[in-house]
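The sequence and structure come next, followed by the notes.

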Amino acid sequence: MLPEELGTSGNCRMFIDNMNEAVAYCKAVYNQTAIPSDFTVIDFNKSLYKLTGFNKDTVLGRKVSEILSESEKGLSFLKFLLEIVSSGKNSEYQYYSGRFKKWISISVYDVNNGYYYFTIHDITELKHQFNLLRRTLDLSPNLIVATDLVGNIIDCNNRVLEVFGFTSKDEAVRSNALNLIVKEQREKARQYMLSGLTVETLDDERFIFQGKDGNFPGEMSVSLIKDTKGLPVGYMGIARNTDESDKMQEDLRKLTREYSIIFNGTQDSIFLVEATDQNTFRYSRINKSFEAVTGLTADRICGRTPYEVFGEVGKEFELKYMSCVREKKPISYQGNILLPTGLKFIHTTLSPIIRNKHVVNLVGSMRDITEIKQAQDSLAEEKELLKVTLQSIGDAVITTDTKGCITLINKTAQELTGWSQEEAIDKPLNQVFFVIDERTGLTAENPVGKVLKEGNVVGLANHTALVSKDGNIVSIADSAAPIKDKTGRILGVVLVFRDVTEINRTQNALKASEEKLKNSSEKLKTLFGFSPNPIIVTDKNGIIFDCNQEVLRLLEYSSKKELLRKSILDIIVPEEYDILKSKILELFKNGMVKNSEYTVCTKNNRKLIVQSSSSLIRNSSGQPDSIIVIAEDITDRKQAEAEIKYLSYHDKLTGLYNRVCFENELDRLDTERQLPISLIIGDLNGLKLTNDVFGHSEGDKLLQKVAHILKGSCRKEDIIARWGGDEFAIILPKTENSKAIEICSRVIDQCDIAEKDPIQPSIALGYATKYDGSVDIQQTLKEAENWMYRHKLLDNRSVRSTIISSLEKTLFEKSIETEEHAQRIRIISTKLGKAMGLSETELDELSLLSLLHDIGKIAISDSILTKPGPLTSEEWEEMKKHPEIGYRIAESSQDLAHIAEFILSHHERWDGTGYPRGLKGYEIPKLARIISIIDAYDVMTHIRPYKGIISHEDAVREIRRCQGKQFDPDISELFVNIIDGSDC
């Protein structure tokens with residue numbers, strides 16, 4: 001029978017049994033350290049039986065852990081209850097029960113002296129109602145929450161998280177909706193919600209809300225949510241920021257002004273036409289350009305039909321308008337119109353505006369192209385003038401169409417071919433322009449087909465002769481070029497040629513002089529053969545006809561035969577063809593080009609970077625004859641420069657950008673075009689501990705691991721930098737705040753599942769977003785940094801605890817120091833400490849020291865820790881470092897700092913021969929003297945890889961033997977008395 005004052009008997013009991021809410025009454029169960037570890041069910045009411053179907057005979061007196069182990073999520077729920085009890089605060093927990101097929105909300109209330117009420121709410125209907133609207137609500141700009149009947153938040157949309165600064169919906173559902181309103185108006189809001197029980201949907205009410213960025217005014221409406229039986233189960237509240245609504249109205253007015261500016265600012269003449277079902281058209285609006293071009297004002301034209309404005313010409317306009325309405329697609333037309341501003345040649349485009357499958361308006365765009373028409377007429381005159389010019393020049397000219405048929409032949413070409421214009425027009429070019437090789441008499445290739453195929457200028461081969469219609473043979477030189485329009489489309493070919501018979505005679509006379517130069521050329525070849533630089537000689541078209549051995553070595557060819565007759569284009573990568581062409585033009589203009597850089601490809605497809613200087617060699621007539629190129633391999637130098645440039649903008653350890661690059665990129669991306677721009681600042685947890693305990697090489701690995709996680713969690717366009725020793729910074733261009741939150745969550749999740757080698761990666765993150773171009777980007781950076789420090793402060797204790805727990809678990813996994821060994825020492829040390837009259841604080845410290853005295857072994861090599869035989873002197877010196885390492889680990893945590901000195905001293909000896917400091921007697925801290933005795937006893941009486949087990953009696957004799965030498969004589973004597981009287 002429960003005490004009446006606790007409300008479980010009499011009238012109170014009747015009241016509780018008839019409550020709609022399910023209620024359970026439990027008592028806390030405590031472990032040996034006086035910490036709650038479970039609960040025993042004392043009683044529960046009828047509503048809980050209806051909700052769960054639990055039978056009192058099978059539940060009363062049982063522990064909560066036993067009951068929950070039969071359902072899902074039992075342990076996580078029990079953990080929540082224990083956390084609430086330990087914190088001393090009332091709170092609420094929500095989860096979906098697969099066993100009951102319901103969403104459950106549980107509130108915890110501390111009654112007195114370890115007794116607790118649990119009230120259980122079925123919030124399935126609330127969740128169902130909210131989930132039906134989930135997609136729409138999360139896209140809504142309004143603030144939307146679902147609550148139970150007392151205002152506890154059951155669910156909310158993403159806008160609520162953003163405005164009120166909740167990091168997750170789990171955090172939001174632990175709050176009461178009334179706390180989102182300023183304190184002065186909460187009672188008013190509560191009464192407003194209660195009134196919804198009678199009217200179901202309330203009229204909008206104004207409140208002042210307190211968001212994460214400050215207070216703001218808003219309007220809120222509340223609707224009652226009922227279950228399938230019609231009973232009220234909660235509220236649905238919708239609020240909007242009235243400041244934002246006012247801004248939207250201003251934006252609309254601004255948009256209207258901007259539309260007017262655009263409409264009247266465009267150069268085209270725009271007019272709007274209303275179309276009725278009776279095919280009647282009336283002008284409704286014109287812009288300023290229309291008035292300027294036509295000379296007609298809006299007063300003169302708007303509201304009138306085309307006929308009323310333009311007279312008989314207006315009827316033609318109406319026919320065009322009807323055509324556009326009928327076809328329901330844009331049409332264009334042009335022609336002369338007599339306007340008040342004069343005779344204009346106007347081009348008009350009409351576009352229909354369709355509503356409900358009917359054309360309701362036409363948008364017209366008029367452009368005055370009078371000058372363009374006049375220019376076209378002038379162009380026709382110019383074409384005629386060009387035709388006359390071609391007929392008059394001294395060179396022979398023939399043009400063809402894309403099929404190779406002649407379209408024009410000038411007077412000179414008629415004379416050389418023997419064909420008149422009337423005979424040649426529309427004939428295939430091969431029939432009129434018949435060419436042969438002078439040396440063989442065979443038909444030569446006609447250049448027109450090649451031009452049409454390749455689209456480039458083509459010259460006739462040497463020794464080409466033209467055979468005229470009457471059989472005369474004339475030596476000619478010519479070139480054929482494509483005729484293209486402004487888009488690059490080939491329209492035909494123009495062939496220009498001339499009689500070079502006399503020129504050929506002159507060239508033959510020069511051959512004798514060329515022979516004289518031959519000997520000088522041979523001497524030059526000998527000289528460049530000894531040059532340490534690669535030298536190539538090409539003809540004026542870039543075909544290689546000589547090179548020295550350094551070229552063969554550089555390009556990995558075994559002989560000149562493999563390289564000669566190749567084009568210079570064959571050894572340069574295609575991406576640099578345009579650079580080469582520009583340098584060739586410069587060479588032919590100036591005669592020399594110095595210090596050009598190219599990427600060349602060797603025979604074995606290796607890429608090299610060379611620097612070259614080129615000179616043009618002219619013949620005796622001063623004409624370009626060949627090109628000499630002197631090169632130098634600068635591949636190593638360019639790679640070194642690239643590496644230096646890379647290091648100047650990157651962090652060498654992580655490969656991320658460095659701070660200099662980050663700040664440059666931040667300045668570059670701080671533009672309106674990149675808004676919104678989000679920034680993330682991160683601070684790595686545990687780096688100093690890792691460096692101190694495991695060495696800087698492990699600290700470097702931890703930095704590299706976190707850098708890898710950041711790169712894997714961000715996008716290709718994001719800028720990730722190592723901002724400082726253990727700090728990182730990320731720039732997210734064109735990124736909303738919600739996306740920055742998502743990336744932060746991804747980083748945290750990846751850290752949680754990363755390998756613990758040697759500790760779990762952990763990083764504190766802060767983020768901020770710049771939406772307004774007038775905001776200083778440094779202020780956004782500072783805001784992200786402040787959030788990072790805030791998160792680091794809030795998570796500091798948890799992170800430290802996680803790291804220490806991780807180290808402790810790793811110690812048990814990698815060494816012979818098992819958890820059982822630590823627990824045995826804790827139990828014995830507690831008995832010995834109580835026998836010595838230690839205070840409660842000292843007993844707590846002794847218990848913690850029992851578990852963590854050997855934590856420093858985490859940094860000792862596995863091969864030493866698990867070695868089956870004796871250690872070498874070097875290995876023993878390494879092993880003796882573990883008290884100092886453990887001291888540094890404890891010092892890094894506020895939770896362990898008070899036992900750091902004991903960890904450091906637990907291998908000191910009473911006679912002063914211990915380590916690491918050689919303390920003697922009472923210089924050794926008392927708790928360290930206690931642990932050293934118990935640790936030695938447990939090691940002697942339990943198996944180790946390097947030794948066997950000795951009996952309890954032998955272990956006691958050994959401890960007595962070491963009294964006054966290794967151990968404190970008084971404490972060791974008391975230990976022996978306790979251990980002999982126990983069953984340990």
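N595 lies in strand β25, which spans residues 592–601. The model is predicted, with local features needing pLDDT of at least 70 and side-chain atom pairs counting only at pLDDT 80 or more, while totals for chains, interfaces and linings use all residues. Residues are numbered from 1 along each chain as its sequence is written, and side-chain values use heavy atoms, with hydrogens and water left out. Helices (H or I, at least four residues) and strands (E, at least two) are DSSP runs, numbered from the N terminus.

**Positive phi outside glycine**

- N595 is not a glycine, yet its phi is positive, at about 55°.
- The relative accessibility of N595 is 53%, and N595 therefore counts as exposed (over 50% relative accessible area, with buried under 20% and partly exposed in between; 1.4 Å probe, protein chains only).
- E556, also not a glycine, has a positive phi of about 65°.
- E556 sits in the loop between α23 (549–555) and α24 (560–563).
- With a relative accessible area of 22%, E556 is partly exposed.

**Cis peptide bonds**

- L675 and P676 are linked by a cis peptide bond, with omega near -5°.
- P676 belongs to the loop that runs between α27 (659–669) and β28 (677–684).
- The peptide bond joining Y915 and P916 is cis, and its omega is about 10°.
- P916 occurs in the loop between α37 (900–905) and α38 (926–941).
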